[in-house]
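Work through the exercises below with the sequence and the model at hand. Each task is followed by a stepwise solution.

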Amino acid sequence: THLRALNVGAIVRGMPNPIQAGAVEVQVPDAPAYARFDPVRLQGALTALLINARQAQGPTEPIRVRIESSQVAAGDPDLAAGDYVKITVADRGPGMEPDVLIRAQEPFFTTRPGAEGLGLAQARGFARSRGGALRLGSTPGVGSTAAIWLPRVPTDEALAEQTDTPAKAG
C-alpha cells in the first residue's frame with residue numbers, strides 16, 4: 001500500500017474517544033506535523049495507550065495527549081538521527097517500578113488480572129513498522145508516559161503529496 005504523509009494532530013483530534021470514563025486532553029502544535037502512516041493503525045496504537053492510561057489512572061483525571069516535533073541526535077540506540085513527530089500519552093496513575101518498566105513492552109506481559117498485555121506491544125509494533133519507536137517513562141507514585149516516535153515528513157514534501165492525484169501516487 002502507498003502511505004501518504006498525514007497531519008498527525010488532525011488524525012488524533014479526529015479520533016473518537018476510545019475510553020468512556022474521563023476526559024482526554026489533546027495538545028497539538030501550532031504548525032502541522034506530518035508523518036507517513038496508516039491512520040487506522042495509528043488509531044489502534046493510540047487507543048491501546050489510552051486504555052492502558054485509563055486503567056492505570058482511574059476515571060477521575062484527564063489523560064493528556066501531546067503531539068510535538070522533536071529531534072534525535074546521532075548515536076541514539078532506537079532511532080536514526082533526524083526529525084520526528086512524538087505523540088505522548090501521559091497518566092497520573094501509580095507509575096511502574098523499574099523492573100516492570102523494563103518488561104512492559106513485551107507481548108502478553110501484564111500486571112493486571114484479566115488483561116491481555118498486548119497494548120504496549122501493539123503500539124511498539126506500529127511505531128517500529130514506520131521507522132520509529134515506542135518509549136516509556138514512569139515514576140512510581142507520579143504516573144507514566146508512553147510516546148510513539150514517528151519520522152517527520154517535511155511540510156513542503158507532505159503538501160506536495162496532498163496535491164498528487166491517486167493515479168500519480170500509485
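**Exercise 1.** Find which residues touch the most other members of the largest nonpolar core, and which elements give two or more residues to this core.

Solution. Step 1: a nonpolar core is a set of buried Ala, Val, Leu, Ile, Met, Phe, Trp, Tyr and Cys residues joined through side-chain atoms within 4.5 Å; buried means under 20% relative accessible area, exposed over 50%, partly exposed in between (1.4 Å probe, protein chains only). This is a predicted model, in which local features need pLDDT of at least 70, side-chain atom pairs count only at pLDDT 80 or more, and totals for chains, interfaces and linings use all residues. Residues are numbered from 1 along each chain as its sequence is written, and side-chain values use heavy atoms, with hydrogens and water left out.

Step 2: the largest core has 28 residues, of which Val8, Phe37, Leu49, Ile87, Val89 and Ile148 touch the most other members.

Step 3: two or more residues come from each of helix H1 (8-13), helix H2 (39-57), S4, S5, helix H4 (119-129) and S7. Helices (H or I, at least four residues) and strands (E, at least two) are DSSP runs, numbered from the N terminus. H2 gives the most, with six residues.

Step 4: a second, separate core of six residues includes Leu79, Tyr84, Ala147 and Trp149.

**Exercise 2.** Describe how S5 is paired with S4 and with S7.

Solution. Step 1: strands pair if DSSP finds at least two bridges between them. Strand S4 (residues 63-72) runs antiparallel to S5, with nine bridges joining them; Arg64 has Ala90 of S5 as its bridge partner.

Step 2: S5 and strand S7 (residues 143-153) are also antiparallel, joined by eight bridges. Val85 is bridged to Leu150 in S7.

Step 3: seven of the 10 residues of S5 are buried.

**Exercise 3.** Is Lys86 buried or exposed, and what is it in contact with?

Solution. Step 1: Lys86 is placed in strand S5 (residues 82-91). Its relative accessibility is 18%, so Lys86 counts as buried.

Step 2: contact means heavy atoms within 4.5 Å. Beyond four places in sequence, Lys86 contacts Arg66, Ile67, Glu68, Ala147, Ile148 and Trp149.

**Exercise 4.** Locate Ala133 and list its contacts.

Solution. Step 1: Ala133 belongs to strand S6 (residues 133-139) and is buried, with a relative accessible area of 5%.

Step 2: leaving out neighbours within four places in sequence, Ala133 contacts Asp78, Leu79, Ala127, Ala147, Ile148 and Trp149.

Step 3: Ala123 lies 10 residues away from Ala133 along the chain, and their C-alpha atoms are 8.8 Å apart.
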